[in-house]
2 protein chains.
Amino acid sequence: MAGLAPDRHARVLSIIQTARAKRARFRDPVITMAHGAGGKASTALIEGLLLPALCSPALQQLGDAASLDVDGAELALTTDSFVVRPLRFPGGSIGELAVNGTVNDLAVSGARPLALTLSLVLEEGLDAHELRAQVDAIAAAAASAGVAVVAGDTKVVERGHGDGIYICTTGLGVRDRRARLGAERLAAGDRILVSGAIAEHGTAIMLARGELGLQADVESDTRSLWPVVDTLLDAAGDGLRLMRDPTRGGVASALNEIARASALGMLVREADVPVAPAVAGAAEILGIDPMYVANEGKLIAFVAPELAADALTALRAMPAGEHAAEIGEVCAEPPGMVLVQTAFGGRRVMDELVGDPLPRIC
Amino acid sequence: MAGLAPDRHARVLSIIQTARAKRARFRDPVITMAHGAGGKASTALIEGLLLPALCSPALQQLGDAASLDVDGAELALTTDSFVVRPLRFPGGSIGELAVNGTVNDLAVSGARPLALTLSLVLEEGLDAHELRAQVDAIAAAAASAGVAVVAGDTKVVERGHGDGIYICTTGLGVRDRRARLGAERLAAGDRILVSGAIAEHGTAIMLARGELGLQADVESDTRSLWPVVDTLLDAAGDGLRLMRDPTRGGVASALNEIARASALGMLVREADVPVAPAVAGAAEILGIDPMYVANEGKLIAFVAPELAADALTALRAMPAGEHAAEIGEVCAEPPGMVLVQTAFGGRRVMDELVGDPLPRIC
């Protein structure tokens, strides 16, 4: 929007803001791939259909995990299904992803992961070696993340009604006493940090599908984020306002969600966002902005300005954290929106993802 | 085995017992529908592949729900995927089943259901009205069972890689102080009760598919079992040894599982097992024993002999409990096996389900 006159700019922003203040409606006649992509259509499905029908206070919070107090225990509970294809890809597998993805939803909610449940939907005809490899990957990832798989279920569907393996994991965690997180704690001036280079998981999956005839040395970043969260809680304590793991829809969708929830604005400096050269190259060829590409081992953290430098130092000392960076800050204006300062000095709106350029990424 | 001479009978039983004392091995090259049916192949997959790889103490218990102690809270956690077809059937729907099935796994573990997570795998092209109807069914069933849906996830797979809707629900409950349940608490002489007429859910599903050209007025029995469990805990207290909800694989598979786990025998009196005439008729035409047909709103309870009459009276006073019955008892011999006393006075082994006569029943 660098080319717009200031008053025109303000008018456009105001129209977008009015549209966003309303809860999204769901009016689509059929489900499309976009409803699973984590962008606008997903938001409409969740806010327009699921939340109004299910209307529980925990669900309305729209966090990565629900907070529950049971007999004095401060618990967190989260669930995720995994339908990624292919089942194995550079840097990981569906089994590993199913553990780390759920563990990370707990971690960024400020909860130490304790236990997982595991539900498998297998397709008739699945090779038993593939199943064994995935179960081993689940066991290894769970051990590495320090969680136990405590309950499970297995269903089988006929050939042509699945795709090898779908996995649903649910994670139970205990809220860390150091964590005081929430969109309501954000304030103008808070710094936005990312824990490393972005867009690696989604790019690795795309390349692994081989449909693009593109080769590049990119691996999924799937890993447990609890050690990173633990470190951040030590380094920033009460100054740590909120975290998110930017999976489907990428950093752009996560920031938009938080901007909407907090009714604050965000300004991201494009030049400061860490992207590995191979990832940037693949994204450019594919015409996809890395800000919309899924991550499975990175988090965004909002930190009070006076603690941002300490938090960044701590992040950079973590494994795979050498590219951690401060990428922008929270602003009072424009409320509910994310702006990008481009490398050329202009500003544009960074909207939620529309459509599904990368189906079944997790 | 009524026709065998006593020594031959004893020899056959001994061979079967030796085979059972070993944990099942998993050697199948590919996954078949039988691995999802809750019978022998499922047992082999769980005991031969999943448990050895995932090896957590909670999982090894093989209960309907895992027991977890977190900061003094005594929790239960369970998960289930639902892939039933058709999505709606007389007496229920996949959404209703997904709530009640998971709530019931908590209930029969002696845990009061508190919260559910909900993960949807939707097939591209799904009619939005169908989705809305199922989400409404989930909301209604959750309200009726007194649980909140606290977290959720939605994924979409391409047309031809799903079947409308698959649902994974995970349930969190708090263990009831009155409940002291476990296979190790079973003793010879304990009575086996069922909370009502069996085989209704599976029969309703089969008939709803219309493949059999058979019409009968049979509805699924899907409902929350917590009120029944609550009543039984009051009526039998410490005399309530163990409960199970006989879903996939039916009463026969549930009894076999418990016989194996307790290393005790069971004798079931066939004539005392309550089966509605329409269900019995359909089963006879289909050549399926109702003992192997799934239930979604009935439980089996093992009760100390001196409290069995009180427990049965309490069960019969419950809604849909008028056909509750004592169907047999626990015996010292033959360990690990279930025998049936037929209506003609003979005895035969009632084995686990083999194959999958009724695929995708839940």
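Guide: What follows is an account of the interface between chain A and chain B. Please bear in mind that the model is predicted.

The contact involves 75 residues of chain A and 75 residues of chain B. The size of an interface is often given as the accessible area lost when the parts come together. Here chain A and chain B bury about 6,200 Å² between them, and carbon and sulfur atoms account for 68% of that area.

Polar and charged groups also take part. Between chain A and chain B, 27 residue pairs are in polar contact, with both residues at pLDDT 80 or more. Eight salt bridges cross the interface. One of them joins the side chains of A:Arg248 and B:Asp153, with 3.0 Å from N to O.

On the side of chain A that touches chain B, several helices and strands supply at least two residues each, among them the helices α2 (40-54) and α5 (128-145) and the strands β2 (73-82), β5 (111-123) and β7 (165-175). The largest share, 10 residues, is provided by β6(A). By residue type, this side of chain A comprises 42 nonpolar, 17 polar and 16 charged residues.

As to symmetry, chain A is superposed on chain B by a rotation of 180° with 0.0 Å of shift along its axis, at an RMSD of 0.0 Å. The two copies are therefore related as by a two-fold rotation axis. Moreover, 100% of the interface residues of chain A are interface residues in chain B as well, so the copies meet through the same surface.

Key. Residues are numbered from 1 along each chain as its sequence is written. Chains are lettered from A and ligands numbered from 1 in the order in which they are written. This is a predicted model: local features need pLDDT of at least 70, side-chain atom pairs count only at pLDDT 80 or more; totals for chains, interfaces and linings use all residues. Side-chain values use heavy atoms; hydrogens and water are left out. Contact means heavy atoms within 4.5 Å. Buried area is the accessible area (1.4 Å probe) that two parts lose on being put together, summed over both. A salt bridge is a side-chain nitrogen of Lys or Arg within 4 Å of a carboxyl oxygen of Asp or Glu. A polar contact is a pair of N or O atoms within 3.5 Å; within protein, one must be able to donate a hydrogen and the other to accept it, and residues adjacent in sequence count only if both atoms are side-chain atoms. Helices (H or I, at least four residues) and strands (E, at least two) are DSSP runs, numbered from the N terminus. Ala, Val, Leu, Ile, Met, Phe, Trp, Tyr, Cys and Pro count as nonpolar, Asp, Glu, Lys and Arg as charged, and the others, Gly among them, as polar. Copies are superposed by least squares on the C-alpha atoms of residues with pLDDT of at least 70 in both.
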